[in-house]
Amino acid sequence: METQFDCIIDRYKTASLKWDNVRSTFGVDDVLPMWVADMDFMAPAPVLEAIRQRIDHGILGYTERPDSYFAAVSEWMLKRFNWPVRKEWIYFAPGVVPAISFIIQAFSSPGDKVVVQPPVYYPFMNTTQNNGRQVVYNPLKMENGRYTMDFDDLRRKLDPNVKLLLLCHPHNPGGAVWTREELTKLGQICLEHKVLVVSDEIHADLIFRGHTHIPFASISEDFAQNTLVCTAPSKTFNLAGLQTANVIVPNPKLGEVFAAQMKKVHLIRPNVFGTLATESAYKYGSAWLEELLDYLQGNMEFLVDYCETRIKQIKVMKPEGTYLVWLDCRGLGMNDEQLNQFLLTQAKVALDGGNWFGPGGEGFARINIACPRAMLADGLKRIEQAINTYCGK
């Protein structure tokens, strides 16, 4: 049966980063974009209706977050994750990546060290370096087709100059939904070494069957007092262009420091549409999300089956969460430049290069499966045909 997610929407000439910015990013424009993390699905109807009503009102002045906004965020966190979040913990940011940048500025000094766990979302490295801090790599380990954390390596690298650890939770690009045991070990090590945890939980709602997201700060009061959690509705409801995120900070002293940093750059008022969309999505978007998760589950299973039966040179790291899937392309025997060019010029698909994600990403590529299944099938067929030609089949 066809669903709303099967509808193919033409996004060309809409100033779409994903679709209209391919040439400036990849140097070509005749490719199928399956890279940057936004979805090719229409946002939930209640969200669009709330925005229409505001437009019909006709005045788009400065806005504040009303009490109903905070209530919607808190209720969402409680219902989905059993995490009671107080109003005073919720701080505004114009996106999770800007929030991480401001956190780095607020809680460290130039020359200090920040831990990341590669291969990982590449803005973690870029933002750290752009702020004059040193990146400390704590590489993940591959075990039975899943990434795990290397705690021994982490302990060796935590010296007094390490101020922050950036946790990608769930993990992008590997799709691991970290378990309570893994998070607890990580949190205890960070407490012992007085390292502040910044938990990027932007993909927290996008969890596949059989797995459960546990907010890092919800594990214990000690963890809560040592953590800033970055959340947003952008990935969940396809609202990235509205530039609205929440930084949840249970520790009031840490909250004051973060708020002071935001005040320095005068980022103290939210986007009127972002505020409306966030509140509406959290109030009325749960049914839409459940349908989306079923569709993404189907896309993920379609991708895994397709590669296992028709593109055996590529191994899929089956994700536990997110709509981003890590493809092990090392079986093709190409270096990173060759692989990226092969996908672009021969397969005619634009994927995120694995080498973008730091050490351990070599020989991989990241594909975005949050698209109509027919589009996913098109992309996979292009890759299959290109590999068959390359292998002389």
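**Close-up 1: Aspartate 29 and its partner, arginine 23.** In this predicted model, aspartate 29 is partly exposed, with a relative accessible area of 46%. Arginine 23 counts as partly exposed too, at 47%. The two form a salt bridge, and their closest N and O atoms sit 3.2 Å apart.

**Close-up 2: Lysine 348 paired with aspartate 30.** Here the closest N and O atoms of the salt bridge are 2.8 Å apart. Lysine 348 belongs to the loop between α14 and β13, and aspartate 30 to the loop between α2 and β1, so this pair ties together parts that are 318 residues apart in sequence. Lysine 348 is partly exposed at 28% relative accessibility, and aspartate 30 is partly exposed at 44%.

Close-up 3: Lysine 283 and glutamate 279 meet through their side chains, 2.8 Å from N to O. Glutamate 279 is buried, at 12%, while lysine 283 is partly exposed, at 40%.

**Close-up 4: The largest pocket.** There's about 1200 Å³ of space in here. Its lining has 42 residues, and among those nearest the centre are Asp38 and Asn238. Asp38 also joins Arg11, Lys18 and Asp40 in a network of salt bridges.

**Close-up 5: Helix α15, residues 373-390.** This helix has 18 residues and reaches 26 Å from first C-alpha to last. Its buried residues include Met375, Leu376 and Glu384, and α13 and β15 are among the elements covering the buried residues. Just after the helix, glycine 392 takes a positive phi of about 80 degrees.

Terms used:
Residues are numbered from 1 along each chain as its sequence is written. This is a predicted model: local features need pLDDT of at least 70, side-chain atom pairs count only at pLDDT 80 or more; totals for chains, interfaces and linings use all residues. Side-chain values use heavy atoms; hydrogens and water are left out. On a 1 Å grid over the protein atoms alone, a cavity is a set of points where a 1.4 Å probe fits but cannot get out, and a pocket is an open set with protein on both sides within 12 Å along at least five of seven lines; lining residues have an atom within 4 Å of a point. Grid points are joined across faces, edges and corners, and a volume is the space filled by probe spheres set on the points. Helices (H or I, at least four residues) and strands (E, at least two) are DSSP runs, numbered from the N terminus. The expected span of a helix is 1.5 Å times one less than its number of residues. Buried means under 20% relative accessible area, exposed over 50%, partly exposed in between (1.4 Å probe, protein chains only). Contact means heavy atoms within 4.5 Å. A salt bridge is a side-chain nitrogen of Lys or Arg within 4 Å of a carboxyl oxygen of Asp or Glu.
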